[in-house]
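Here is a short report on one protein model. Look at the sequence and the fold, then read on.

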Amino acid sequence: VRGWGGSIPGAKLSVVETGSLVGGGGQAPINVNISGPDQEQLAAIAREVQRIVRETPGAVDVDSTWKEGRPEIRVEVDRLRAADAGLSAAEIAQAARAAIDGEVAGVFREADKEYDIRVRLQGLDERDPQEVGDILVTNARNVSYRLNQLADIRLGVGPTEVRREDRQRLVTVTAGVAGRPVGDVVRDIQARAQGLALPKGYRISYGGEVERMGDTFRDFAFALVLSIVLVYMVLVMLYESYLTPVIRMLSLPLGMIGALLGLLITGKTFNLMSLMGIIMLDGLVAKNGTLLIDYTHTLMSRGLGLREALVEAGVTRLRPILMTSMAMIFGMLPTALAMSEGSEVRSGMAVVLIGGLITSTAMTLLVIPVAYTLVDDFRKWAAARFSALSNAFRIRKGEAL
């Protein structure tokens, strides 16, 4: 589409690829904001930043909000000359405005309609710097001066619009992304932009999808931590133990191994949907450990030892663990393969879930029993150690008495 649009004279065509749920509405994924006090200096910095973005691999459709405007005549008042003439910059500007644009001197009424009566200098060509310079400005002593005696008049180009942010002029360089993750492209742009020698009072910041993704990632990271804490609290109440829930929650790092391997193998990026899949993975992979530990406790209540109960629970629960895991894996395959329009946005989440379920299912049956026996050995050692210390303390207390 980009190549086709470039062949149409006078057409301005931009393509925004759908890569995530963040942003949308045709907004460019990359926004580089340059802010500062002077518009001309901003335009020069923006052109340099635009060159850097255009030369960065993966950046496409590079554009800037700075556009050359229509020609204008700039009148810059010399305050020293104006003060000598007994005039202020505001009085000079008012006189020039009255001559060029006119002043409303009254209102003409006809029937029920009113029309402004505007008085301006007749025959003035406001496009000619010479004629603008001949405008007369009169001070309080009734002495007249030509405008070019009080100000420097020159031709220039004015901006079509002036953007501001935090009371600073702003120019934004925008770009799309193709073939590379947005984060990688922005990192390359930042690395090269750091070499620019910015004048005092000017700064470069980054917005667009990068800023939105940063905010969203922080929110989702908080949600992930909160979900882990809440799940642990619930398990502590259910198992009436502080160590047993830790064993059960080992399923999450086991699932993370498969999730990251799945992204690596398929070439997917770690984005918003991938993070959402990891949050879902916390609940899905946990059922393997829950089934195993819960049945182990049931067998131990029937009189079996820990090791015998773990072996029996692994044999008995193997079939339901495999059945539930396979059902979820095959259920996620159509989304992972992106077989429908727009499903490529959600495929990263499905890849995370499939990879996490595969590794957690395969490794939970090995890691959870080993961890459980290690924790039980540590518990017995700690209890024996505490008992020995208590006996030693009682003996020393008795000897002291």
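How much accessible surface does the protein have, and what percentage of it belongs to carbon and sulfur atoms? The accessible surface comes to about 24,100 Å², and 58% of it belongs to carbon and sulfur atoms. Accessible areas come from the Shrake-Rupley method with a 1.4 Å probe; for residues, only the protein chains shown count as cover.

## Basis of the model

This is a predicted model: local features need pLDDT of at least 70, side-chain atom pairs count only at pLDDT 80 or more, and totals for chains, interfaces and linings use all residues. Residues are numbered from 1 along each chain as its sequence is written, and side-chain values use heavy atoms, with hydrogens and water left out.

## Overall build

The protein has 14 helices and 11 strands. Helices (H or I, at least four residues) and strands (E, at least two) are DSSP runs, numbered from the N terminus. The radius of gyration is 37 Å, well over the 21 Å that the globule rule gives for 401 residues, so the protein is more spread out than a compact globule. That radius is taken over C-alpha atoms, and the rule is 2.2 Å times the number of residues to the power 0.38. Along the principal axes, the C-alpha atoms fill a box of roughly 115 × 75 × 55 Å.

Buried residues make up 35% of the 401 residues. Buried means under 20% relative accessible area, exposed means over 50%, and partly exposed lies in between (1.4 Å probe, protein chains only). Contacts are heavy atoms within 4.5 Å. Among contacts between residues at least 6 apart in sequence, 71% join residues at least 24 apart.

## Nonpolar cores

In soluble globular proteins, nonpolar side chains tend to be buried together. A nonpolar core here is a set of buried Ala, Val, Leu, Ile, Met, Phe, Trp, Tyr and Cys residues joined through side-chain atoms within 4.5 Å. The largest one has 24 residues, of which I30, V32, I34, V49, V53 and V173 touch the most other members. Strand 1 (30–36), helix 2, strand 2 (59–64), strand 10 (168–177) and helix 7 (182–193) each supply at least two residues of this core. Helix 2 gives the largest share, 7 residues. Apart from this core lies another, of 17 residues, among them I278, V352, L353 and I354.

Which residues does V173 touch? Leaving out residues up to four places away in sequence, its contacts include I30, V32, I34, V49 and V53. N31, Q50, D63 and S64 are also among them.

## Helix 11

Helix 11 (residues 272–284) has 13 residues. From first C-alpha to last it reaches 19 Å, close to the 18 Å expected at 1.5 Å a residue. The expected span is 1.5 Å times one less than the number of residues. Buried residues in helix 11 include L272, M273, L275, I278 and L281. S274, G277 and D282 are buried there too.

## Salt bridges

A search of the whole structure finds 13 salt bridges. Each is a side-chain nitrogen of Lys or Arg within 4 Å of a carboxyl oxygen of Asp or Glu. E76 pairs with R154, with the closest N and O atoms 2.6 Å apart. E76 lies in strand 3 (residues 71–77) and R154 in strand 8 (residues 151–157), so the pair ties together parts that are 78 residues apart in sequence. E76 is partly exposed at 38% relative accessibility, and R154 is partly exposed at 37%.

R51 bridges to E48, with the closest N and O atoms 2.3 Å apart. Both lie in helix 2 (residues 39–55), 3 residues apart, about one turn of the helix. In helix 14 (residues 347–400), K380 and D376 are 4 residues apart, or about one helical turn. Their closest N and O atoms are 3.3 Å apart. K380 is exposed at 54% relative accessibility, whereas D376 is buried at 15%. Salt bridges that share partners join E48, R51, E55 and R192 into one network.

## Positive phi angles

Most residues other than glycine have a negative phi. D61 has a positive phi, near 50°. D61 lies in strand 2 and is partly exposed, with a relative accessible area of 28%.

A111 also has a positive phi, about 60°. A111 sits in the loop between strand 4 (103–110) and strand 5 (113–119). With a relative accessible area of 81%, A111 is exposed.
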